[in-house]
2 protein chains.
Amino acid sequence: MKPISLSKSHGGIQGVYSHASEACACDMNFAVFAPPQAVEQHCPVVWYLSGLTCTHQNVMDKGEYRRMAAELGLIVVCPDTSPRGAEVPDEKDNWQFGCGAGFYVDATQAPFAKNYRMYSYVMEELPTLIGENFPVDMDRQAIFGHSMGGHGALTMALRNPGHFKSCSAFAPIVNPMTAGWSKPALEKYLGPDEAAWRAYDACALVEDGYRFPEFLVDQGTADGFLDDGLRPWLFEAACAKAGIPLTLRMQEGYDHSYFFISTFMEDHLRWHAAKLGA
Amino acid sequence: MKPISLSKSHGGIQGVYSHASEACACDMNFAVFAPPQAVEQHCPVVWYLSGLTCTHQNVMDKGEYRRMAAELGLIVVCPDTSPRGAEVPDEKDNWQFGCGAGFYVDATQAPFAKNYRMYSYVMEELPTLIGENFPVDMDRQAIFGHSMGGHGALTMALRNPGHFKSCSAFAPIVNPMTAGWSKPALEKYLGPDEAAWRAYDACALVEDGYRFPEFLVDQGTADGFLDDGLRPWLFEAACAKAGIPLTLRMQEGYDHSYFFISTFMEDHLRWHAAKLGA
């Protein structure tokens, strides 16, 4: 692991790091914000998963998380959204598949299975690296994300309820199996048998009996992807049927951008801090 | 004037607009954040001038000003840093001159005098446009900026003390006449006679008798441009000699980036709000 950049911000350090990833078989970048408290104590860690086309950098630039993370004493880790590089198979001109669109799955289909293993990367390899190199309390982890990253957060939390103390999402893709912008990606990464897709679909996981204590979801009503890509009411129905408490807040007039995310970032970090005992 | 984008954020509207500028003889873009209070009342306006290589967008993405502007009821206007376009003379590969480096002067030298009139643009043309199209209280204006934009803010405030109720800066270029990254630009825009440069140099203006009630300046100690480009101690000395109150805060460990600016954005907006009666 080597630092790419380190900048003081809000009393802490915003770093960008690079390492050779085994899971993704390529070099991967990620961002870590260490709050001022991390100088003297181990801090709980919050994972932020980004959306389609993003790298670690979008939320680092536009998410406005550092002020609250510094106040609450949270380490914030922001991974990339896919493997990258000349050796990584990609579909150029397709922003819904390949680089920038890893969908947080472990691909099983050639030629993608070698690199596109973002589920293992985010759940196993990167946490190990973070645990070894930063003053984190790995018994106190939370996860959230935006859009495709909201999908990643919900599915990882449902499949690993003991691993995360809390989970929330901004405008998540809650049912990627049936959304136009994600169904083709699942098919290419996981093959034609839809049974294999259910492990990466928040609604399907809830239907299949996976549980998590509680969710917070914010969704803008002016989001252009609301009706055909996001459809949080599907997750609301699944959670209601399963008895999972879900706070779904429809935020009037907000779109899908970081202008929306940054507005409600404080609420989400406070939500996680409360459940992490931070 | 036409909107390029409008997004709800922190309860207000972050817009980007385009218009045909007479002062710059080209189309110009600018960003305006209107806080929620602007729906019902005229709000004071704060001008933020950006640094070298920036457009209106850098601070809009990374400055983290909307939360406080929404709380304090401030309209924030972020102009571009130079004229742009195929017809605008430029020096490609020179980030310290031409596009992205207008230095907030009215150029007098061919071929730059036709377009590079950022002083008139920011002081006259854009305020008129803003006054006609947004619910602003033009009797309550403040100005601040970063680096080259800090230079712009200090010089405009000193030359127009009745126009602005307050002024502050992040890591400003306080003496561009003698700094390596700005002296060549002043010569090309204004000609070889250094007497003409003094109207665009904060230290020279103070020496020449220009006054402003009070300044706030934040400067990172880890700023790579501190010793040869910025040198706030020159402005500190000039203000001390002239009896102008200056709060110069050397911020330990901070660099020249928006990680620094965003950290102290709240302090600056509160400073302006207090003086604007917001």
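Ala, Val, Leu, Ile, Met, Phe, Trp, Tyr, Cys and Pro are counted here as nonpolar, Asp, Glu, Lys and Arg as charged, and the others, Gly among them, as polar. By that scheme, the lining of the largest pocket divides into three nonpolar, six polar and eight charged residues. This is a predicted model, in which local features need pLDDT of at least 70 and side-chain atom pairs count only at pLDDT 80 or more, while totals for chains, interfaces and linings use all residues. Residues are numbered from 1 along each chain as its sequence is written, chains are lettered from A in the order in which they are written, and side-chain values use heavy atoms, with hydrogens and water left out.

**Relation of the two chains**

- The same surface serves both copies, since 100% of the contact residues of chain B recur in chain A, where contact means heavy atoms within 4.5 Å.

**Largest pocket**

- The largest pocket holds about 250 Å³ of space, and among its 17 lining residues A:H10, A:R67, B:E64, B:R67 and B:E266 lie nearest its centre.
- A pocket is an open set of points on a 1 Å grid over the protein atoms alone, where a 1.4 Å probe fits, with protein on both sides within 12 Å along at least five of seven lines, and lining residues have an atom within 4 Å of a point.

**Strand β4 of chain B**

- Seven of the seven residues of β4(B) (residues 43–49) are buried, so the strand is largely enclosed by the rest of the structure; buried means under 20% relative accessible area with a 1.4 Å probe, protein chains only, and strands are DSSP runs of E with at least two residues, numbered from the N terminus.
- β4(B) pairs in the parallel sense with β6(B) (residues 136–146) over six bridges, B:C43 having B:V136 as its bridge partner; pairing requires at least two DSSP bridges.
- β4(B) also runs parallel to β5(B) (residues 75–79), to which three bridges join it, and there B:V46 has B:V76 as its bridge partner.

**Residue B:P35**

- B:P35 is found in the loop between β3 (26–34) and β4 of chain B, and is buried with a relative accessible area of 2%.
- Leaving aside residues up to four places away in sequence, B:P35 touches B:G12, B:C43, B:A69, B:A70, B:G73, B:L74 and B:I75.

Technical notes: Buried means under 20% relative accessible area, exposed over 50%, partly exposed in between (1.4 Å probe, protein chains only). Helices (H or I, at least four residues) and strands (E, at least two) are DSSP runs, numbered from the N terminus. Grid points are joined across faces, edges and corners, and a volume is the space filled by probe spheres set on the points.
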